[in-house]
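Hi,

Here is the structure I promised to pass on.

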There are 2 protein chains.
Amino acid sequence: MTTVVREPADFRQACDDARTSSHRVGLVPTMGALHRGHFSLIDEARKHADFIAATIFVNPLQFAPDEDLDRYPRTFESDVSGCRERGVDLVFAPEPESMYPAQFQTQVSVGELTKPLEGEFRPAHFDGVTTVVAKLFNLTGPCAAMFGRKDYQQWKILSRLALDLDMPIEVVGCPIVREPDGLALSSRNRYLSASERERALGIVSGLRRACDAWTEGERSSDMLRSLAGEQVRSEFDRVDYVAAVDPDTLLTAVAQPTRLLIAVAAHLGTTRLIDNVVLGEDPRP
Amino acid sequence: MTTVVREPADFRQACDDARTSSHRVGLVPTMGALHRGHFSLIDEARKHADFIAATIFVNPLQFAPDEDLDRYPRTFESDVSGCRERGVDLVFAPEPESMYPAQFQTQVSVGELTKPLEGEFRPAHFDGVTTVVAKLFNLTGPCAAMFGRKDYQQWKILSRLALDLDMPIEVVGCPIVREPDGLALSSRNRYLSASERERALGIVSGLRRACDAWTEGERSSDMLRSLAGEQVRSEFDRVDYVAAVDPDTLLTAVAQPTRLLIAVAAHLGTTRLIDNVVLGEDPRP
């Protein structure tokens with residue numbers, strides 16, 4: 001049975017009850033508009049826990065005023081059905097007012113890891129993410145929490161958050177789930193027109209080209225970055241970044257790296273897409 | 001028996017074990033140099049919990065470069081004896097390196113409440129306090145945590161922190177403990193020369209004068225502040241602030257308040273003392 005709760009106090013109580021009954025609680029935080037990527041997080045959570053709590057909350061703190069908070073897709077009924085089908089035990093879908101009451105004034109922020117890549121283009125974004133996730137961690141008390149590696153930097157930041165604040169939570173980064181043609185699943189893909197959907201494959205081509213060069217022995221970060229970038233630039237309207245960096249520090253990689261993160265953020269019309277691959281670790285997209 | 005542990009992982013384990021054995025864990029965070037004020041926190045903790053964890057950690061994050069981190073009194077052996085005598089179950093005394101390993105980069109900060117009073121004179125202080133206390137809360141998992149109201153603003157900030165981050169912890173503010181002549185106990189009092197110790201009573205006289213005026217019906221914040229301030233200024237070398245503010249917001253009080261915080265910070269030589277009283281609530285110092 002899937003229980004849906006709206007109030008933080010009810011959510012905490014349900015998680016406390018589960019732990020008291022000797023369940024291991026697994027957390028899957030989402031902004032709703034669930035797709036197969038999210039469902040893979042639920043499946044992964046089952047490997048770490050036997051009581052699965054999913055949260056559905058479009059967190060206003062992590063959107064800048066010019067971003068897509070208002071039009072972010074809300075598909076609550078079908079999200080709950082999807083959770084039910086996959087055996088989620090508890091869905092927490094709070095209102096912003098109960099997460100951030102009038103006197104709310106606390107912020108959790110991670111340092112160096114939040115500066116490059118997304119941090120350059122969405123300066124307050126990660127502070128919003130780390131603050132809401134700290135709250136969700138504290139409400140839930142999970143053994144493990146699942147995040148998709150499409151938001152690779154977010155996953156690294158949240159891993160750091162849990163370590164730094166001594167939260168006894170395994171922060172699990174789950175593989176990117178892709179469409180048959182390679183496009184990474186994203187709630188924002190539904191914004192794309194048919195022709196934009198075609199052109200979106202420019203990211204996939206770029207990542208694949210870097211992968212192929214890596215397989216052929218190329219180890220120059222600059223070269224791999226520029227191979228990926230060419231493909232992206234040829235299809236996208238605007239490119240925020242195409243980066244080739246150390247997968248752990250998100251900074252300049254060593255020469256002859258054994259692993260290399262290629263990360264991309266680019267715009268098609270009013271839609272911003274991100275994707276990435278860790279060369280030397282991930283399968284070819 | 002009082003167990004002393006140095007490593008965060010050992011501390012967490014001991015607290016987990018206590019909770020697993022159905023104990024309620026109470027936390028008393030200190031910077032050591034324990035005095036009767038701290039011991040009153042331990043006694044208060046016993047009312048909220050049956051397993052008492054005290055921490056002794058001079059937190060470098062909350063000291064500015066020009067402050068007294070290096071000369072802050074360290075009296076570890078006698079602190080542990082004091083904890084033992086008062087039946088503390090667990091003492092956690094970590095090294096800075098195990099609280100803040102090389103990659104550490106997370107900060108917890110509270111907003112408006114940290115700006116006035118101490119926040120004006122010690123701008124990074126409260127970020128250091130909230131960050132270390134968030135860590136200690138997460139390591140301990142206490143039902144309740146004790147703080148002295150001599151650090152009144154700190155207590156209000158940490159109460160806000162626990163609320164805002166959904167930490168299920170009662171943050172208890174315990175009454176100021178004073179010497180017979182009224183001086184609030186402080187680890188920093190030992191810095192005072194004999195003549196400074198005399199002059200330190202200027203704060204007590206100031207707070208008492210405000211109390212007496214309040215009792216006689218005075219309700220003007222400006223008047224009460226200036227009555228307290230006169231006494232402080234006549235004895236101290238330098239006054240950071242003498243404030244009369246709302247005890248909950250720490251901002252300008254309403255006209256005809258029913259409660260009013262008088263808070264003082266002032267210097268005698270190289271020693272900085274703070275003290276306060278909530279008119280309409282606290283006993284006369």
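How many residues does the contact take from chain B, and how many from chain A? It takes 23 from chain B and 23 from chain A. Before I go on, keep in mind that this is a predicted model. The predictor gives the complex an ipTM of 0.97 and a pTM of 0.97. For chain A, the mean pLDDT is 98, with 100% of its residues at 70 or more.

**Where the chains meet**

Back to that contact, with 23 residues from chain B and 23 residues from chain A. On the side of chain B that touches chain A, the elements giving two or more residues are helix 1 (8–20), strand 5 (106–110), helix 6 (125–140) and helix 7 (152–164) of chain B.

Strand 5 is worth a look in the viewer. Strand 5 (residues 106–110) of chain A pairs with strand 5 of chain B in the antiparallel sense, over five bridges. A:Val108 has B:Val108 as its bridge partner in strand 5 of chain B.

How do the copies relate? Chain B superposes on chain A (RMSD 0.0 Å) by a rotation of 180° with 0.0 Å of shift along its axis. That is the relation of a two-fold axis. B:Val108 turns up again here: of the residues of chain B, its C-alpha comes closest to the rotation axis, at 2.2 Å. Of the interface residues of chain B, 100% are also interface residues in chain A, so the copies meet through the same surface.

**The parallel sheet of chain B**

In what order do the six strands of the open sheet in chain B run? The order is 1-4-3-2-6-7, and the pairing is parallel. Strand 1 (3–5) and strand 7 (170–174) of chain B are at the edges with a single partner strand each, so each has one side without a neighbour in the sheet. On average, neighbouring strands of this sheet are turned by 25° against each other, direction ignored.

Within this sheet, strand 2 (residues 25–30) and strand 3 (residues 51–56) of chain B pair in the parallel sense over six bridges. B:Gly26 is opposite B:Ile52 in strand 3 of chain B. Helix 2 (residues 36–48) of chain B packs on the sheet and touches strand 2, strand 3, strand 6 (144–148) and strand 7 of chain B. The direction of helix 2 makes about 155° with that of strand 6 of chain B. Helix 6 of chain B packs on the sheet as well, touching strand 2, strand 3 and strand 6 of chain B, and its direction makes about 150° with that of strand 2 of chain B. Helix 6 is also one of the elements that give two or more residues to the side of chain B that touches chain A.

**The antiparallel sheet of chain B**

There is also an open sheet of three strands in chain B, in the order 8-9-10, with antiparallel pairing. Strand 8 (238–245) and strand 10 (271–279) of chain B are its edges; each has a single partner strand, so one side of each is left without a neighbour in the sheet. From one strand to the next, the twist averages 10°.

Strand 8 and strand 9 (residues 260–268) of chain B run antiparallel and are joined by seven bridges. One bridge partner to pick out is B:His267 in strand 9 of chain B, which goes with B:Arg238. Helix 10 (residues 221–235) of chain B packs on this sheet, touching strand 8, strand 9 and strand 10 of chain B; its direction makes about 155° with that of strand 8 of chain B.

**Domains, seen in chain A**

Chain A is divided into domain 1 (3–174) and domain 2 (187–277). Their C-alpha centres lie 26 Å apart. The contact takes 13 residues from domain 1 and 13 residues from domain 2 of chain A. On the domain 1 side, helix 5 (118–121) and helix 7 (152–164) of chain A give two or more residues. Helix 7 of chain A gives the most, with three residues. By class, that side of domain 1 has eight nonpolar, two polar and three charged residues.

Cheers

How values were computed
Residues are numbered from 1 along each chain as its sequence is written. Chains are lettered from A and ligands numbered from 1 in the order in which they are written. This is a predicted model: local features need pLDDT of at least 70, side-chain atom pairs count only at pLDDT 80 or more; totals for chains, interfaces and linings use all residues. Two residues are in contact if their C-beta atoms, placed from the backbone, lie within 7 Å. Helices (H or I, at least four residues) and strands (E, at least two) are DSSP runs, numbered from the N terminus. Two strands pair if DSSP finds at least two bridges between them. Axes are lines fitted to C-alpha atoms, for helices over the stretch in contact, and angles run from 0 to 180 degrees between N-to-C directions. Copies are superposed by least squares on the C-alpha atoms of residues with pLDDT of at least 70 in both. Domain bounds come from an automatic or database domain assignment. Ala, Val, Leu, Ile, Met, Phe, Trp, Tyr, Cys and Pro count as nonpolar, Asp, Glu, Lys and Arg as charged, and the others, Gly among them, as polar. pLDDT is the predictor's confidence in each residue, from 0 to 100.
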